Amino acid sequence: MVEIRNYTLNLGPQHPAAHGVLRLVLELDGEVVERADPHIGLLHRGTEKLAETRTWVQSVPYMDRLDYCSMMCNEHAYCLAVEKLLGIEAPERARYIRTMFDEITRILNHLMSLGSHGLDIGAMTMILYTFREREDLMDAYEAVCGARMHAAYYRPGGVYRDLPETMPKYKASRFKNEKALKRLNAAREGSLLDFLEDFTGRFPKCCDEYETLLTENRIWKQRTVGIGVVSPERALALGFTGPMLRGSGIAWDLRRKQPYAAYDQVDFDIPIGKNGDCYDRYLCRMAEMRQSNRIVRQCIAWLRENPGPVIVDNHKVAPPRREKMKGNMEELIHHFKLFSEGIHVPEGEVYAAIEHPKGEFGVYAISDGANKPYRIKLRSPGFPHLAAMDELSRGHMIADVVALIGTMDLVFGDIDR
Amino acid sequence: MSARLDLLSKVLRNVFGGRLASMAMDRGELTIEVAAVDYFEIARILHDHTGLDFEQLIDLSGVDYSAYGGKPRQGKRFASVAHLLSVTHNWRLRLRTFAEDDGFPVIDSVCDLWPAANWYEREAFDLYGILYNGHTDLRRILTDYGFTGHPLRKDFPVSGHVEMRYDAEAKRVLYQPVTVEPRENTPRIVREASYGDVGHG
């Protein structure tokens, strides 16, 4: 009698397809997955504990480092939570700027996710194409806050400063001659809005390019169609949100259902899938990028027409203008108190959620009236998605596990917190 | 939104009557508090009742109330807070229950109702040491293999208890007591109620 035993395979934590530091313990019968046990926490930095020891504003940069593929969206949820606790609302221009940068972030995130998803399952070219457009959007980030990734641009009460009138430009170097410089800087001569308008003009064409690479690609379809099918009922029960839920055919989008920022003012569609497999989720993400592009265009048009303040004028929450601070005792005191002691947030608890590119990102904040949070719980979208890995991967091949990791759009900064 | 929440609170009052320990509407959010013994049953009704339809458990987290407001706490210490969402009715609800025993906090698991609770309860167990009765796989999730203590409890120092270093002689990674001193740059201050109010000064 031959004894047949299941084989246990350890995938990760240093596996290129593990999107960071996922350790997956797979129980295999031949090449078929019988059970998957994801081990997470290898990137746990204790953000929630750290936030309890920082003032409310000091935690904003921690939010960037959660999901480091969609930085500003994380900040947005956090700022909304603080604003809700304080009972204030950001000025309208700030809300439009936030909407615009949320959508830029969504494009950034989806480009990253589609590129690396393609890379994981054998479509090498995709990431080269998507990173080309990501570079432009990173420049938009840089123009507005000085950092390419960890922005800390959204603040409780608005955004840190208004949109800049100039764009950072490429400089001459050994590798770039006059002609190349001229081509590269062509769209950067005007303001940030001009640059973004130029970008949104050419981005739909870029999306078409991505689609020619993947949508009808036979190998891509073989690897994604019918893989990781989730029924709508299961998707709800498992706590799925975002494209993971919409891929299963449920038209649920917080931007529409529980609007925040300026989403009730802009026009966009919510793409949904039909079969709930990896391919449908891919199509959803692709369509979402086109919708985001549409929203960015509407925001640009509005922002051009409507100048105004971008942060509340309440110096208990937002710092006074630098010039005023230098010449006015009252403002100097406000500035000092704000950056040493911080905002005093009234007692209470709130949950603020936004439609993050990956799903619902929520911040549950409890304040006991101090200058620091009493408790911050970050509800990351990837966490319940990865928790469903066991259920989704059962009966699939090992190679499909990689496709599942790609479709879940996992980022460990976000899951491990 | 608030009209919808009024409707929800009415439905909740009809369905549960006096079984809720408290119900509060604050900043456009509805919170109900239930006793630990009723927790599972009430969660089941919230999930199954056709007028409520909370299909999704969005979030579940532990909270340690022992240092709340900077004063020694009267009352129970550990709570489990669940955020529920109904996609059908587009409403949210916060459901809180306190564990009876501070030394050995036990709360019923809601994994059978919402499979999403599985990892959230593991997390709350890991970070707060709340035990979920009926959970089939209550292992640590975020902290290191072999970790001791529950890091988000208020009596756990931010710097932790042990640190890791590579020992060249032993040729392996060793754990040793932490050498960093915990320090606080900005003290935690609770001011009088009107201090720093928005619109004040």
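The exercises below concern a predicted model.

**Exercise 1. Strand pairing in chain B**

Determine how strands β1 and β2 of chain B are arranged, and examine the turn between them.

Solution. 
1. Strand β1 of chain B covers residues 22–26, and strand β2 of chain B covers residues 29–34.
2. The two strands run antiparallel and are joined by five bridges.
3. Within this pairing, Asp26(B) stands opposite Glu29(B) of β2(B).
4. Two residues lie between β1(B) and β2(B), and the strands form a hairpin.
5. In the turn, Arg27(B) has a positive phi of about 50 degrees.

**Exercise 2. Positive phi values in loops**

Solution. 
1. Asp53(B) has a positive phi, near 50 degrees.
2. Lys171(B), which is not a glycine either, has a positive phi of about 55 degrees.

**Exercise 3. A nonpolar surface patch**

Identify the residues of the nonpolar patch and the strands that supply them.

Solution. 
1. The patch consists of Val162(B), Met164(B), Tyr166(B), Val173(B) and Tyr175(B).
2. Together these residues have about 540 Å² of accessible area.
3. Strands β8 (162–167) and β9 (172–177) of chain B each supply at least two residues of the patch.
4. The largest share, three residues, comes from β8(B).
5. Tyr175(B) belongs to strand β9 of chain B.
6. With a relative accessible area of 48%, Tyr175(B) is partly exposed.

**Exercise 4. The largest pocket**

Describe the volume and the lining of the largest pocket.

Solution. 
1. The volume of the largest pocket is about 990 Å³.
2. Its lining comprises 34 residues.
3. Nearest the centre of the pocket lie His44(A), Leu142(B), Thr143(B), Asp144(B) and Phe147(B).
4. From chain A, β3 (32–39) and α1 (47–52) each supply at least two lining residues.
5. From chain B, α3 (117–128) and β8 likewise each supply at least two.
6. β8(B) gives the most to this lining, with three residues.

Definitions and conventions:
Residues are numbered from 1 along each chain as its sequence is written. Chains are lettered from A and ligands numbered from 1 in the order in which they are written. This is a predicted model: local features need pLDDT of at least 70, side-chain atom pairs count only at pLDDT 80 or more; totals for chains, interfaces and linings use all residues. Side-chain values use heavy atoms; hydrogens and water are left out. Two strands pair if DSSP finds at least two bridges between them. Helices (H or I, at least four residues) and strands (E, at least two) are DSSP runs, numbered from the N terminus. Patches are made of residues with over 30% relative accessible area and no salt bridge: like charges are joined within 9 Å, nonpolar side chains (Val, Leu, Ile, Met, Phe, Trp, Tyr) within 5 Å. Accessible areas come from the Shrake-Rupley method with a 1.4 Å probe; for residues, only the protein chains shown count as cover. A salt bridge is a side-chain nitrogen of Lys or Arg within 4 Å of a carboxyl oxygen of Asp or Glu. Buried means under 20% relative accessible area, exposed over 50%, partly exposed in between (1.4 Å probe, protein chains only). On a 1 Å grid over the protein atoms alone, a cavity is a set of points where a 1.4 Å probe fits but cannot get out, and a pocket is an open set with protein on both sides within 12 Å along at least five of seven lines; lining residues have an atom within 4 Å of a point. Grid points are joined across faces, edges and corners, and a volume is the space filled by probe spheres set on the points.
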